[in-house]
Amino acid sequence: MLPLSGETCIDSFAPALRGDMDFDGRLDAMDSVIANCVVSGMIADGLSLRLADADNNGAADENDVRFLEENGLMI
């Protein structure tokens with residue numbers, strides 16, 4: 001498949017897991033640290049805002065960071 005002028009052709013992709021902020025395929029302490037940066041406004045791009053919404057309630061907030069921490073991720 002050839003891209004049209006000014007377009008990008010993507011031939012493969014990997015699905016993203018909600019809460020997996022560093023795209024390593026697992027939920028861990030680094031994900032909660034990055035999610036906290038999103039919630040505090042230090043990171044504000046659209047993909048990070050969606051991924052930080054770990055509980056899928058439509059907003060990245062302290063509940064998402066707490067969810068990541070309480071599920072054994074802050075080891």
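Student: How many salt bridges does a search of the whole structure find?
Tutor: First, a word on the source: this is a predicted model, where local features need pLDDT of at least 70 and side-chain atom pairs count only at pLDDT 80 or more, while totals for chains, interfaces and linings use all residues. Residues are numbered from 1 along each chain as its sequence is written, and side-chain values use heavy atoms, leaving out hydrogens and water. A salt bridge here is a side-chain nitrogen of Lys or Arg within 4 Å of a carboxyl oxygen of Asp or Glu. With that cut-off, the search of the whole structure gives three.

Student: Which residue meets Asp 53 in a salt bridge?
Tutor: The N to O distance of this pair is 3.9 Å. Asp 53 lies in the loop between helix 2 and helix 3, and its partner sits 35 residues away in the segment before helix 1; helices are DSSP runs of H or I, at least four residues, numbered from the N terminus. The partner is Arg 18.

Student: Is Asp 53 buried or exposed?
Tutor: Buried means under 20% relative accessible area, exposed over 50%, and partly exposed in between, with a 1.4 Å probe and protein chains only. Arg 18 has 36%, so that side of the pair is partly exposed. Asp 53 has a relative accessible area of 5%, so Asp 53 is buried.

Student: Which residues are linked in a network of salt bridges?
Tutor: Side chains of opposite charge can pair when their charged atoms come close. Arg 26 meets Asp 24 at 3.8 Å, N to O, and Asp 28 at 3.2 Å. The network therefore consists of Asp 24, Arg 26 and Asp 28.

Student: Which residue follows helix 1 with a positive phi?
Tutor: Helix 1 covers residues 29-39, and its buried residues include Ile 34 and Val 38. The phi of the residue that follows is near 95°, and that residue is Gly 41.

Terms used: Helices (H or I, at least four residues) and strands (E, at least two) are DSSP runs, numbered from the N terminus.
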